[in-house]
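Subject: Structure handover and notes

Dear colleague,

I would be glad if you could read them alongside the coordinates.

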Amino acid sequence: MTLSVDLAGRSALITGASSGLGSRFGRILAANGANVALGARRKDRLEALAGEIGPQAAAIAMDVGREADIIAGFDAAEAAFGTINTVIANAGVDGAGMATETSEDEIERTLAINLKGAILTAREGAKRMIAAGVPDGRIVMIASITAFEPSPGLVAYSASKAGVVQAARSMAKEWSRAGICVNTISPGYIRTAINDQWFETDQGKKQIKRFPKQRLMGEQGLDGPLLFLCSGAAEFVTGADFVLDDGQSL
């Protein structure tokens with residue numbers, strides 16, 4: 001089923017847009033009328049995606065682990081489409097590994113990209129929306145069901161995603177009078193480039209068998225809530241977390 005929401009007049013910056021969920025977000029928002037600034041480190045992939053989408057898309061090289069890159073990314077997005085009134089903080093790394101075996105550097109990298117990067121991306125977007133007097137700003141931050149479930153082997157990742165949920169709630173309250181709605185989506189397990197190899201292992205296949213529906217989610221499962229949260233219909237929704245996991249956490 002193809003969903004349709006009118007996003008005409010919205011210009012979105014999407015981080016982590018070079019693959020996986022981020023690239024789908026770019027396609028689905030553009031298909032519903034938004035301009036999309038596709039942000040990630042891999043410029044070649046972004047340019048290919050932007051070419052596929054058409055003139056509504058621009059490729060923006062940026063690394064969310066560095067604030068200077070985020071600022072430059074917003075500058076480039078504004079040069080392409082004017083004021084950015086929609087932000088999708090999606091960039092992330094998996095940080096997989098048992099807690100006793102994960103290096104300090106890997107823990108720092110996971111928190112820097114998944115948590116610090118998400119906060120800085122949302123913050124920069126909010127600063128500019130407030131300065132421009134945007135009356136209906138939208139910020140969507142991508143978390144995970146691991147934010148709430150004990151997840152051995154994903155300690156740093158799950159901690160970062162729990163931080164994203166609480167950061168979003170706090171920012172939602174802080175910016176509510178500025179007209180900026182901040183919400184999170186916590187997806188269940190979806191096959192992406194980050195986890196593809198894991199789900200081909202015996203342990204990964206056993207994990208799928210433990211899910212109530214014994215399957216992974218499809219990326220399309222996030223389309224409807226994402227479009228809703230970016231639209232005018234979400235005017236009264238802020239500080240909320242949407243758990244979309246096909247029942248995996250039941």
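Two strands are taken to pair if DSSP finds at least two bridges between them, and the helices (H or I, at least four residues) and strands (E, at least two) are themselves DSSP runs, numbered from the N terminus. With that in hand, threonine 86 stands opposite arginine 138 in E5.

This is a predicted model, so local features need pLDDT of at least 70 and side-chain atom pairs count only at pLDDT 80 or more, whereas totals for chains, interfaces and linings use all residues. Residues are numbered from 1 along each chain as its sequence is written, and side-chain values use heavy atoms, with hydrogens and water left out.

The sheet

The strands form an open sheet of 7, in the order E3-E2-E1-E4-E5-E6-E7, and the pairing is parallel. At the edges are E3 and strand E7 (241-244), each of which pairs on one side only. From one strand to the next the twist averages 20°, where axes are lines fitted to C-alpha atoms, for helices over the stretch in contact, and angles run from 0 to 180 degrees between N-to-C directions.

Strand E4 is joined to strand E1 (residues 11-15) by 3 bridges, in the parallel sense, and alanine 12 has threonine 86 of E4 as its bridge partner. On to E5, the parallel pairing of E4 runs over 4 bridges. Between E4 and E5 the chain passes through H4, in a β-α-β crossover that is right-handed (with the strands pointing away from the viewer, the path from the first strand over the helix to the second runs clockwise). Strand E5 is in turn joined to E6 by 6 bridges, again parallel, and the partner of arginine 138 in E6 is cysteine 181.

Helix H7 (residues 223-230) packs on the sheet and touches E4, E5, E6 and E7, its direction making about 150° with that of E5; contact here means heavy atoms within 4.5 Å.

Helix H2 (residues 43-53) lies across strand E2 (35-40) and E3, running at about 175° to E3. Because 4 of the 5 residues of E3 are buried, this strand is largely enclosed by the rest of the structure (buried means under 20% relative accessible area, exposed over 50%, partly exposed in between, with a 1.4 Å probe and protein chains only).

The cores

In a regular strand the side chains alternate between the two faces of the sheet.

A nonpolar core is a set of buried Ala, Val, Leu, Ile, Met, Phe, Trp, Tyr and Cys residues joined through side-chain atoms within 4.5 Å. The largest such core has 35 residues, of which Leu13, Ile139, Met141, Trp175, Ile180 and Val182 touch the most other members. Among the elements that give two or more residues to this core are helix H3 (67-81), helix H4 (104-132), helix H5 (155-174) and strand E6 (180-187). Apart from this core lies another, of 33 residues, including Ile14, Ala40, Leu226 and Leu227.

Individual residues

A search of the whole structure finds 0 disulfides (pairs of cysteine sulfur atoms within 2.5 Å). The sulfur of cysteine 230 has its closest cysteine sulfur in cysteine 181, 11 Å away, which is too far for a bond. Cysteine 181 is buried, with a relative accessible area of 6%, and cysteine 230 is buried at 1%.

Threonine 192 is found in the loop between E6 and helix H6 (202-210), and is buried, with a relative accessible area of 17%. Threonine 192 and glycine 20 are 172 residues apart in sequence, yet 5.5 Å apart in space, C-alpha to C-alpha. Leaving out residues up to four places away in sequence, threonine 192 touches Leu21 and Glu219.

Best regards
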